[in-house]
Amino acid sequence: MVEGHAWMVWVAVALVLVAIETVTADFTFLMLAGGAVGASIAAAFGAPPVVQAIVAGLVAVALLAIVRPWLKKRIQASSPPQLMGAAAHVGRSAVAIDRVNPAGGQVKLAGQTWSARTLGDDIEPGEEVVVDSIDGATAIVSRARVVGS
């Protein structure tokens, strides 16, 4: 039953691998699916199962070695790096809750209260600040610059 329809089996395998790829998004299963498509073409031309498997393996290895690295580099170059954790707060605006000076203070940053300090200025409660860096769990802030003044 499968012998005359082996190409359909390979296409089904390719579809399953593409479905798995949608979850992983690593391009590995997509390259394996390409190998299965190659095997389905070989099966459609009447190649024996051993030849189909060899074609699947060779195409998959070639895609993994050549296309996948190129594709990953291309995708990574087109998307900006995503900052995670405290580093994502650098450059954000915050509001001083109490006086902030080099000795310390507190700011409201992204809806949370953070310990903060400045590198020189005294900032009064209610003033807008910008996060210059993060030192442990303390935001290093400076007075926000008002455009046009």
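Two strands pair if DSSP finds at least two bridges between them. Helices here are DSSP runs of H or I with at least four residues, strands are runs of E with at least two, and both are numbered from the N terminus.

Now, the model. It is predicted, so local features need pLDDT of at least 70, side-chain atom pairs count only at pLDDT 80 or more, and totals for chains, interfaces and linings use all residues. Residues are numbered from 1 along each chain as its sequence is written, and side-chain values use heavy atoms, with hydrogens and water left out.

Start with the strands. β4 pairs with strand β5, residues 138–143, in the antiparallel sense over 6 bridges. Valine 131 faces valine 141 of β5. The two strands make a hairpin with 2 residues between them. Glycine 136 sits in the turn, with a positive phi of about 65°. On to β1, residues 93–96. It runs antiparallel to β4, joined by 3 bridges. There, valine 95 is opposite glutamate 128 in β4.

Next, threonine 118. Where is threonine 118 placed? In the loop between β3 (112–117) and β4 (128–135). Beyond neighbours within four places in sequence, threonine 118 contacts Val100, Asn101, Pro102, Ile123 and Val141. Contact means heavy atoms within 4.5 Å.

Now charges. How many salt bridges does a search of the whole structure find? It finds 6. A salt bridge puts a side-chain nitrogen of Lys or Arg within 4 Å of a carboxyl oxygen of Asp or Glu.

Take lysine 72 and aspartate 26: their closest N and O atoms are 2.8 Å apart. Lysine 72 is in helix α3 (residues 49–78) and aspartate 26 is in the loop between α1 and α2 (28–44), so this pair ties together parts 46 residues apart in sequence. Lysine 72 is partly exposed at 24%. Aspartate 26 is partly exposed too, at 25%. A network of salt bridges links Asp26, Arg68 and Lys72.

Another pair: arginine 99 and glutamate 124, at 2.5 Å, N to O. Arginine 99 lies in the loop between β1 and β2 (106–109), glutamate 124 in the loop between β3 and β4, and they are 25 residues apart.

One more: glutamate 127 and arginine 143, with closest N and O atoms 2.7 Å apart. Glutamate 127 is in the loop between β3 and β4, arginine 143 in strand β5, so parts 16 residues apart in sequence are tied together.

Methods. Buried means under 20% relative accessible area, exposed over 50%, partly exposed in between (1.4 Å probe, protein chains only).
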